[in-house]
Amino acid sequence: MPEICIRPARPSDREPLARLFHALWPENPAEHYAEEITPTLAGTPVSSLPTIILVAESADTTLVGFLEVALRSHADGCDVRHPVGYLEGWYLIASHRGRGLGKQLLAAAENWARAQGCTEMASDAWIDNDLSHRVHERLGFEVVDRCVHYRKSL
Ligand SMILES: CC(C)(COP(=O)(O)OP(=O)(O)OC[C@H]1O[C@@H](n2cnc3c(N)ncnc32)[C@H](O)[C@@H]1OP(=O)(O)O)[C@@H](O)C(=O)NCCC(=O)NCCS
């Protein structure tokens, strides 16, 4: 496979990165994500907690994947005394999966989280996303919970 560079996203990545977000979460158009990620790309995330988006870039400068990781004050199953690095989104285009790039993105995210003082990473996945479950477990995550979300109008 041609060389792939893992690096933090920058403002000029906004449009192609928004298309990758849309590929992972098709319920919103790419324009929605372009607007949403603008503050993070500018280094001023809306949340008071730090967030970074890491991208995988091919030699011809095409973005082929991303991982967004944020600091969360707590996460299910984690030590409440420390913030955790939380995987908010993790995606590679289909032609680039299964070649170790997801693992490289995760390693970069873990280095970022360590530098933020984290001692744990956390994540979630839809109950039917078997691929994601397998990859998480291969890369050292353990299942701590399975839950159903509810809502009720007031
Ligand atoms: C999840 C995803 C980002 C992983 O990236 P990837 O580049 O395919 O993963 P890697 O090639 O780095 O593999 C990481 C580990 O998972 C294993 N793995 C990868 N694909 C696998 C598969 N289909 N079945 C079982 N194990 C698999 C690899 O063997 C590797 O483990 P190892 O280092 O012990 O060999 C990618 O598959 C993807 O974009 N999936 C669709 C979107 C998605 O579901 N995202 C997660 C949302 S929670």
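Student: Which residues in H1 are buried?
Tutor: Leu17, Ala18, Leu20 and Phe21. Buried means under 20% relative accessible area, exposed is over 50%, and partly exposed is in between, with a 1.4 Å probe and protein chains only. Helices (H or I, at least four residues) and strands (E, at least two) are DSSP runs, numbered from the N terminus.

Student: Where do they sit around the helix?
Tutor: Down the axis of H1, the buried residues fall within an arc of 155 degrees, so they line one face. The arc is taken from the directions from the helix axis to the C-beta atoms.

Student: What covers the buried residues of H1?
Tutor: The cover includes helix H2 (30–41), strand S2 (51–58), strand S3 (63–72) and strand S4 (84–92).

Student: What kind of model is this?
Tutor: A predicted one, where local features need pLDDT of at least 70, side-chain atom pairs count only at pLDDT 80 or more, and totals for chains, interfaces and linings use all residues. Residues are numbered from 1 along each chain as its sequence is written, and side-chain values use heavy atoms, leaving out hydrogens and water.

Student: What does Gly65 touch?
Tutor: Beyond its neighbours within four places in sequence, Gly65 contacts Leu20, Leu54, Val55, Ala56, Tyr91, Leu92 and Leu105. Contact means heavy atoms within 4.5 Å.

Student: Which residues of the largest nonpolar core touch the most other members?
Tutor: Of its 20 residues, those are Leu67, Val69, Leu87, Leu105, Leu106 and Met121. A nonpolar core is a set of buried Ala, Val, Leu, Ile, Met, Phe, Trp, Tyr and Cys residues joined through side-chain atoms within 4.5 Å.

Student: Which elements supply this core?
Tutor: S2, S3, S4 and helix H3 (101–115) each give at least two residues. H3 has the largest share, six residues.

Student: What else is there?
Tutor: Another core lies apart from that one, with 15 residues, among them Ala9, Leu17, Ala30 and Ala34.
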